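Student: I have a structure to read. Can you walk me through some of its features?
Tutor: Let us look together.

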Amino acid sequence: MKVLWGIIVKRCRSVRHPIKKNRFAGTSYRLFQLSMSLNSSKFLNEENAQGPKRNRECLESLESQTPSSFQDNPLQQLQLASHKVLEKAQKSGRSKCPRCNSSRMFYCYTCFVPVETVPTKEIPTVKLPLKIDIIKHPNETDGKSTAVHAKLLAPDDVTIYKYPCIPEYKEKRHEIALIFPGSNSVSVKDIAFHLQKHSKKAVCDNDDDCSREPFLKQAKIEPKEEENLSEFIASNRNESTGLKKIIFIDSTWNQTNKIITDERLQGLLQVELKTRKTCFWRHQKGKPDTYLSTIEAIYYFFVDYHQEVLKENYKGQYDNLLFFFSFMYSMIKNAKCCKGKE
């Protein structure tokens, strides 16, 4: 019995021994897990703390790049007013519209005014040589439209209409051009020639005697002392071309057919911007890169008009039309870069 009991005790000891080992091993494993958990939390905290720093570093690296690295971004060469007011507004977040009290970023796209954190006096204004009518499709999303940029930056020269509430243009179609691509569209430099034909046709439509001169010679007008000489010269040249107003359609390309076929727009001279490429971040798939956003079309038209019709050197007079557009473009590019998408 003693021998048998001794064998049993030995066996129990031999069994208890590995159990102790496993118990200590389990404790060590739990300590290891706890250590890893603490280290992971520390690592995550360090990552969160370094996040803003990395974003700053990313933005600083973008700012430190030379202009040659932005050859695919023509917006870098614009002569723009300072974006500090927009940068400050971006940091403070959305703000109220002073008119409708809606929460907006930078500006209210329904009231066409800057928000409370963007003082009007810090927004540049642009004087245009022609009046602009923008016809907005009723289904065009207000918040995605760039037409409001033109109204904010050139308030005295821009009017926005929501289709189908648009003016009648028939009586003055010899003074108006519609900026829209098509088989019958002409280039900017040919506007004066084609408008002259429209003028003669308008005279014949209103007068049976088409043999006489369509226009009387105007007396020479001296500029007023307070009037800017360059504006006076541009005004005289505008008179010589006959162009007084341009029309833009603000909608997706798939929605334009309803507007462009409206009888009130028939017979207008169509002008196409064929040499410009879009930088718009919402460019529609399947469409050529010469199909511009509304504010791009307005800007590039006036650049071409200034050089090819007014025959003057361009010195950035209309660059601030892209004040909001260029800031948003850079903001989106930087965000994509910092997220590693580019």
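Student: Which residues of strand S7 (residues 176–179) are buried on each side?
Tutor: Buried means under 20% relative accessible area; exposed is over 50%, and partly exposed lies in between (1.4 Å probe, protein chains only). In S7, Ile176 and Leu178 are buried on one side. Ala177 and Ile179 are buried on the other.

Student: What kind of model and numbering are these?
Tutor: The model is predicted: local features need pLDDT of at least 70, side-chain atom pairs count only at pLDDT 80 or more, and totals for chains, interfaces and linings use all residues. Residues are numbered from 1 along each chain as its sequence is written, and side-chain values use heavy atoms, without hydrogens and water.

Student: In which sense do S7 and strand S8 (residues 245–250) pair?
Tutor: Strands (E, at least two residues) and helices (H or I, at least four) are DSSP runs, numbered from the N terminus. Two strands pair if DSSP finds at least two bridges between them. S7 and S8 pair in the parallel sense, over four bridges. Ala177 has Ile246 of S8 as its bridge partner. S7 also pairs with strand S9 (residues 269–271) in the parallel sense, over three bridges. There, Ile179 partners Val271.

Student: Where is Glu140 found?
Tutor: Glu140 sits in the loop between strand S5 (131–136) and helix H3 (147–153). Contact means heavy atoms within 4.5 Å. Beyond its neighbours within four places in sequence, Glu140 contacts Ser145, Asp250, Ser251, Thr252 and Gln255.

Student: How many residues of helix H7 (residues 294–308) are buried?
Tutor: H7 is mostly covered, with 13 of its 15 residues buried.
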